[in-house]
Amino acid sequence: MGRFPRVRLGHMPTPLEPMHRLSDQLGGPKLWIKRDDCTGLATGGNKTRKLEYLVADALQQGADTLITLGALQSNHARQTAAAAAKLGLKCVLVLEDRVTQPTDAYRHNGNLLLDRLLGAHLKYVPRDASMSTAAEQAAEDVRRAGGRPYVIPGGGSNAVGALGYVGCALEMLHQASDLGTRIDHVVHATGSSGTQAGLIAGLEGARSGARVLGITVGRPRDNQERNIARLLDETWAHLGLAGAPSRDAVEANDGYFGEAYGIPTPAMKEAVDIVARVEAVLLDPVYSGKAMAGLIDLVRKGRFAKDENVVFVHTGGQAGLFAYEPAFAA
């Protein structure tokens with residue numbers, strides 16, 4: 001990993017903590033939480049790890065403007081804006097009005113409020129528009145004005161960005177070793193696929209035996225697993241590893257995102273409430289809340305053995321709670 005350019009943006013390593021009370025409430029297995037909500041970049045989150053490699057690549061290419069894309073309440077967009085502010089770069093965020101029937105809180109609070117405070121220039125596009133076309137148009141606008149743009153894909157999910165979660169996988173293994181325990185399963189929210197591809201590459205490359213399960217936040221399982229497998233192959237090749245990663249290592253579960261991306265579900269609200277009350281950990285409504293709803297349900301259904309160690313990777317995004325205040329008002 002030391003071969004790849006990296007700009008230090010986050011507070012690493014993030015804690016690996018036991019969730020004793022949640023484990024007891026659910027009757028096992030041994031639950032742990034990897035606190036990537038504590039990466040420290042403008043309220044933190046998983047994209048900080050990816051941005052450490054992506055921004056380093058941008059700087060090597062002489063860029064002065066970071067451009068990225070996402071939904072209106074994108075955690076990735078907020079962390080990209082923060083990285084740009086920290087390094088004195090300009091930032092353009094191309095934001096899609098992706099969620100149906102958004103509230104005033106969704107349109108003005110949460111990550112959008114932070115994007116503005118961080119000095120990003122916001123460009124809005126309608127739902128189902130071509131985000132890649134809009135991002136390239138934004139890049140062309142920067143070039144015409146004499147700037148040097150660097151376009152970061154949605155979620156920071158390409159082979160460069162996925163390096164952040166290769167590093168996270170190795171970090172977790174070292175922490176578990178120091179704690180005298182093993183990791184049997186890793187569960188997290190999967191969307192743009194970079195976090196999962198990186199985790200699998202790291203854990204498989206280290207021959208750890210730990211399995212990764214992604215709880216999808218908007219795509220059907222087949223679609224999601226294809227995206228993960230493609231990015232896993234690209235990441236594996238970027239690392240220069242021999243052979244090919246096993247397709248059996250790619251697993252996603254699409255049973256918990258509900259009606260659509262970004263639409264609250266009763267199970268998500270229950271998960272956010274339970275984890276706040278028994279572990280004093282705040283989840284977000286779009287990613288970690290739905291992933292935790294999946295983990296809780298799978299534990300109740302006996303998916304994991306009582307003596308197994310399951311690590312939940314908290315991908316951050318608590319700022320989104322303020323955008324979804326009406327969903328929790330009752």
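For this tour, Ala, Val, Leu, Ile, Met, Phe, Trp, Tyr, Cys and Pro count as nonpolar, Asp, Glu, Lys and Arg as charged, and the others, Gly among them, as polar. The model is predicted, so local features need pLDDT of at least 70 and side-chain atom pairs count only at pLDDT 80 or more, while totals for chains, interfaces and linings use all residues. Residues are numbered from 1 along each chain as its sequence is written, and side-chain values use heavy atoms, with hydrogens and water left out.

**The largest pocket**

Select Arg98, Gly191, Ser192, Arg219 and Tyr287: of the 47 residues that line the largest pocket, these are the closest to its centre. A pocket is an open set of points on a 1 Å grid over the protein atoms alone, where a 1.4 Å probe fits, with protein on both sides within 12 Å along at least five of seven lines; lining residues have an atom within 4 Å of a point. The space in this pocket is about 960 Å³, a volume being the space filled by probe spheres set on the points, which are joined across faces, edges and corners.

Next, colour the elements that give two or more residues to this lining: helix 2 (47-60), strand 3 (65-71), helix 3 (75-87), helix 6, strand 7 (185-190), helix 8 (194-205) and helix 9. Helices (H or I, at least four residues) and strands (E, at least two) are DSSP runs, numbered from the N terminus. By class, the lining of the largest pocket holds 15 nonpolar, 22 polar and 10 charged residues.

**The second largest pocket**

Move to Thr100, Gln101, Thr103, Pro264 and Tyr324, which are the closest to the centre of the second largest pocket among its 14 lining residues. Its volume is about 210 Å³. The lining of this second pocket comprises nine nonpolar, four polar and one charged residues.

**Salt bridges**

Side chains of opposite charge can pair when their charged atoms come close. A salt bridge here is a side-chain nitrogen of Lys or Arg within 4 Å of a carboxyl oxygen of Asp or Glu, and the whole structure contains 21 of them.

Select Asp141 and Lys123, whose closest N and O atoms are 3.8 Å apart in a salt bridge. Asp141 belongs to helix 6 (residues 131-144) and Lys123 to strand 5 (residues 121-125), so the pair ties together parts that are 18 residues apart in sequence. Asp141 is partly exposed at 30% relative accessibility, and Lys123 is partly exposed at 28%. Buried means under 20% relative accessible area, exposed over 50%, and partly exposed in between (1.4 Å probe, protein chains only).

In helix 9 (residues 221-239), select Glu225 and Arg221, which are four residues apart, about one helical turn. Their salt bridge has its closest N and O atoms 3.0 Å apart. Glu225 is buried at 16%, whereas Arg221 is partly exposed at 39%.

Helix 10 (residues 266-279) holds Arg277 and Asp273, also separated by four residues and about one helical turn. The closest N and O atoms of this salt bridge lie 2.6 Å apart. Arg277 is exposed at 63%; Asp273 is partly exposed at 36%.

Finally, display Lys34, Asp36, Arg49 and Glu171 together, as salt bridges link them in a network.

**Cysteines**

How many disulfides does the structure hold? There are zero, a disulfide being a pair of cysteine sulfur atoms within 2.5 Å. Select Cys38: the nearest cysteine sulfur, that of Cys168, is 12 Å away. Cys38 is partly exposed, with a relative accessible area of 30%, whereas Cys91 is buried at 9%.
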